[in-house]
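Please keep the sequence and the model at hand while going through the numbered points.

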Amino acid sequence: MWSVRDQALYWTDNLGGRIHRLEPESGSDQSFLLGQNVMAIGLRERGGLVLALAKQLAFYEPGGELELLMGIEYDQPRNRFNDGKVDRRGRYWAGSMNDVDWDTPSGSLYRLDPSLGLSHVRGEVVCANGLGWSPDDRTFYFGESFRYAIFAYDFDSDAGVLSARRVFATVDRRSGGFPDGLTVDAEGGVWSVQNGAGRVVRYAPDGGITHEVEVPLPQPTSCIFGGRDLDVLYITTSRQKMTPEQLGRYPLSGSVFAVRPGLSGVPEPLFAG
């Protein structure tokens, strides 16, 4: 997550229970140990972060105390949150997945309003991964990794309601990849990370592929535009479940990369609660 206010990049080492914060211009680099799995990070209007932990939503001021909010799906012990984003009306959207059987449709999509009311928006999700909105706020993009698809929905920004679900893009499962995190640029292009295939793909609003960015490892996880002009695409990566042989072949696994792809992003909204 890129903070325009802080000119800082935030990312999570979710299995390590740690949040990292980097100011690229000054080189200031900090990390904060929370001791809990942090699955997704959003920015708050009043400062600090809104987080999706494994089973709970939370507020966190880096370096301060963790403020736990409501939990979800305690009747489904295998489920956990996996990704989340803030919309332009200041609501936080977060989706869940089955953390044991990744292709099980037991996940859901939730919306946390600024009043801290939590709504269940959609069920039967197969690994929620990648959320974003078109620049005109009329389309919501939502990836389901092990349906190997990104879906588009009509988005009612006033009510925070989704409708008219359709397939926006698919990933050929024979490629070894699946759609992971995504971001939307200022021209409406959807940048989707293909975990397992070692690349980030940009789809035009009509679903056609316009750009591909190869990374020197198999497991990129998410991406976001940042930098002073929002023209740097930051890409996070994973070393989860990789063997010593694979890590020897791909030693940069788990790194964060930066590339200037010739396009720019839009500022990430702030949670209003």
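1. Glutamine 240 has a relative accessible area of 34%, so this residue is classed as partly exposed. In this predicted model, glutamine 240 belongs to the loop that runs between strand 22 and helix 1 (244–249).

2. Leucine 116 may be examined next. This residue is placed in the loop between strand 11 (107–112) and strand 12. Its relative accessibility is 33%, and leucine 116 therefore counts as partly exposed. Leucine 116 and methionine 70 are 46 residues apart in sequence, and their C-alpha atoms are 8.9 Å apart in space.

3. The backbone deserves attention at two positions. Most residues other than glycine have a negative phi. Alanine 164, which is not a glycine, has a positive phi of about 55°. This alanine is located in strand 16 (residues 161–170), and its relative accessibility of 44% means that alanine 164 is partly exposed. Cysteine 127 is not a glycine either, and its phi is positive at about 65°. Cysteine 127 is in the loop between strand 12 (118–125) and strand 13. With a relative accessible area of 3%, cysteine 127 is buried.

4. How many disulfides does the model contain? The count is 0. A disulfide is a covalent bond between the sulfur atoms of two cysteines. The cysteine sulfur closest to that of cysteine 127 belongs to cysteine 223, and because the separation is 16 Å, the two are too far apart for a bond. The cut-off used here for a disulfide is 2.5 Å between the sulfur atoms. Cysteine 223 has a relative accessibility of 4% and therefore counts as buried.

5. The aromatic side chains form 16 pairs in the structure. Why is the pair of tryptophan 191 and phenylalanine 225 described as edge-to-face? The ring centres are 5.8 Å apart and the planes of tryptophan 191 and phenylalanine 225 meet at 80°, so the pair falls in that class; planes over 60 degrees apart count as edge-to-face. Tryptophan 191 is in strand 18 (residues 190–195) and phenylalanine 225 is in strand 21 (residues 220–226), so the pair ties together parts that are 34 residues apart in sequence. Both tryptophan 191 and phenylalanine 225 are buried.

6. Ring pairs also build a cluster, which joins Trp93, Trp133, Phe140, Phe142, Tyr153 and Phe155. Two arginines are placed over aromatic rings. The charged end of arginine 44 sits over the ring of phenylalanine 59, at 3.5 Å from the ring centre. Arginine 165 lies over the face of phenylalanine 151, and here the distance to the ring centre is 3.7 Å.

7. Which residues are closest to the centre of the largest pocket? This pocket has a volume of about 1,200 Å³. Of its 46 lining residues, Thr12, Asn14, Thr221, Thr236 and Ser238 are the closest to the centre. Several strands each supply at least two residues of the lining, among them strand 2 (8–13), strand 5 (38–44), strand 21 and strand 22 (232–237). By class, the pocket lining comprises 19 nonpolar, 19 polar and 8 charged residues.

8. The space in the largest cavity comes to about 130 Å³. Its lining has 14 residues, of which Arg88, Gly132, Trp133, Glu268 and Pro269 are the closest to the centre. Strand 9 (79–86), strand 13 (128–133) and strand 17 (178–184) are the elements that give two or more residues to this lining. Strand 13 makes the largest contribution, with 3 residues. The lining of the largest cavity divides into 7 nonpolar, 2 polar and 5 charged residues.

Note on methods:
Residues numbered from 1 in each chain as written. Predicted model: local features only at pLDDT ≥ 70, side-chain atom pairs only at ≥ 80, totals over all residues. Heavy atoms only, no water. 1 Å grid on protein atoms, 1.4 Å probe; cavity = no way out; pocket = protein on both sides within 12 Å on 5 of 7 lines; lining within 4 Å. Points joined across faces, edges and corners; volume = space filled by probe spheres on them. Helix = DSSP H or I, 4+ residues; strand = E, 2+ residues; numbered from the N terminus. Nonpolar A, V, L, I, M, F, W, Y, C, P; charged D, E, K, R; others polar. Phe/Tyr/Trp six-rings, centres within 6.5 Å; stacked < 30°, edge-to-face > 60°. Buried < 20%, exposed > 50% of the residue type's maximum accessible area, 1.4 Å probe, protein only. Lys NZ or Arg CZ within 6 Å of the ring centre and 35° of its normal.
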